[in-house]
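Please keep the structure open while reading.

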Amino acid sequence: MSENNMMEKLVSLCKRRGFIFPGSEIYGGLANSWDYGPLGVELKNNIKKLWWKKFVQQRDDMVGIDAALMMNPKVWQASGHISNFSDPLIECKKCHTRFRADTFDQEKCPNCKGTEFTAAKEFNLMFKTFMGPAEEEANIVYFRPETAQAMFVDFPQVVETSRQRIPFGIAQTGKAFRNEITPGNFIFRTREFEQMEIEYFVHEKDWEKYFEYWLEQMKSWLSDIGVDSSKLHYVDIGDGDRAHYSKRTVDIEFDYPFGQKELYGIAYRSNHDLTQHQNVSKQDLEYRDPETGEKFLPHVVEPTFGVDRTVLAVLLSAYTEIEGGRSTTTEAIKESEVVLKIDKKIAPVKVAVLPLSKKDEVSIPAKDLANKLRKYWYVQYDETGSIGKRYRRQDEIGTPYCVTYDFDSLEDKKVTVRDRDTMTQERVSIDDLEKYFKERFED
Ligand code: GAP
């Protein structure tokens, strides 16, 4: 399978099975906007929930916030986003298509073959809108281009209310917006996306230690969610290429079918942001060490995770095509089969209940069983089509376990549990089923 082909297949599967489809499609779409469908939202929510559990709830040195998405514009003045958050842009003089100057390496315009371009000029990536009814300069607000800033701006309230002591972190997940010049590659680069970010506040002398520590934590997370480690690269970003606030950045890059590109990043932001906010707001943002009495502006290590790129890397790592099928039943399946080997912790559907007959005597207890399991997990009940086809449908959306309920189940009160990856089948007592799955789903 060629790598381009791989992307086409994944986009098509996502659309066909309700993971992700083009946004506003009945109106012809909106360029590069994507909607998460019934399965996509489960996968995305499972990723966010697991992240929050690992990095916030299971730690005593981390607290979360959920801040307003539109902030006082002075935030972006202080953070440097108004003056620095831009990409260089050139425009084709003939068709006026715009390109990012730093990545454009062609002689001719790919759109109209024109050969003349304007000189590069800086284009600010923040989306603007107006707060209130008057569309005037004084009412301009920006949609946040990163979730990070609220964690700096709220730093004093968090210290006061949570009684955390340095080193500690603040975490936030949520939408961010960037008016990207060249969005594309499915959900890789969009203008509206989600981030999961941590600002970890440390004493300056400790930043290198925590930088290494958080890099390891990011590796551990990637392993938790089943991202293919052979496709990961850790790239130290050179002096001229880092974001304006960063003194060290390591990008975690992934081999996507369209090339090796950024998945996550970790940056040492020094005390740049707190210093800037202290200067512009004229508020005292210093931290006072309760033991030594030392007052200082903490330094920050920032691990940042794009949610949509996580979804993409998870799907690409999980996508497995089996030529000629897996012959799970007596039905000969000739064409290739797709199995999404998504880690069971984040799989959208955890269990499928499949009765072997539509007759009431089988389907009613099978539905009861599905309802019982729904108390704990997201369960699909499916009675349409042959059992082979139903297994294939579940394999294609990554369901780790299928439970078949048959006529014998009425007698022996057992069901057959099939494992997606090994295809082994086990008879399990219905009474033991909750325990059986709890053992397998709990980490
Ligand atoms: N607070 C630091 C920050 O925002 P960034 O590298 O600009 O750093 C963080 O963005 C992460 O957000 C990236 O590693 C990527 O996963 C995701 N991301 C950034 N721009 C994106 C876009 N246009 N579409 C989808 N994800 C994006």
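A nitrogen atom of the ligand lies 2.8 Å from an N or O atom in the side chain of Glu180. This counts as a polar contact, defined as a pair of N or O atoms within 3.5 Å. The backbone takes part as well: a polar backbone atom of Phe188 is 3.3 Å from a nitrogen atom of the ligand, and an oxygen atom of the ligand is 2.6 Å from a backbone N or O atom of Leu263. The protein buries 92% of the 550 Å² that the ligand exposes when taken alone; these areas come from the Shrake-Rupley method with a 1.4 Å probe.

The model is predicted, so local features need pLDDT of at least 70 and side-chain atom pairs count only at pLDDT 80 or more, while totals for chains, interfaces and linings use all residues. Residues are numbered from 1 along each chain as its sequence is written, and side-chain values use heavy atoms, with hydrogens and water left out.

Strand 14 provides the largest share, five residues.

There are 20 residues around the ligand, and those that come nearest are Glu146, Thr190, Glu197, Glu262 and Leu263. Sorted by class, the shell has nine charged, six nonpolar and five polar residues. Asp, Glu, Lys and Arg count as charged; Ala, Val, Leu, Ile, Met, Phe, Trp, Tyr, Cys and Pro as nonpolar; the others, Gly among them, as polar.

Most residues other than glycine have a negative phi, and most peptide bonds are trans. Ile166 and Pro167 are joined by a cis peptide bond, with omega about 5°. Pro167 is in the loop between helix 6 (155-162) and strand 10 (168-177).

Lys113, not a glycine, has a positive phi of about 70°. Lys113 belongs to the loop between strand 6 (98-100) and strand 7 (121-124). Its relative accessible area is 55%, so Lys113 is exposed; exposed means over 50%, buried under 20%, and partly exposed in between (1.4 Å probe, protein chains only).

Lys282 also has a positive phi, about 60°, without being a glycine. The loop between helix 8 (272-281) and strand 15 (287-288) holds Lys282, which is exposed at a relative accessible area of 69%.

Note on methods
A residue is near a molecule or strand if one of its heavy atoms lies within 4 Å of it. A polar contact is a pair of N or O atoms within 3.5 Å; within protein, one must be able to donate a hydrogen and the other to accept it, and residues adjacent in sequence count only if both atoms are side-chain atoms. Helices (H or I, at least four residues) and strands (E, at least two) are DSSP runs, numbered from the N terminus.
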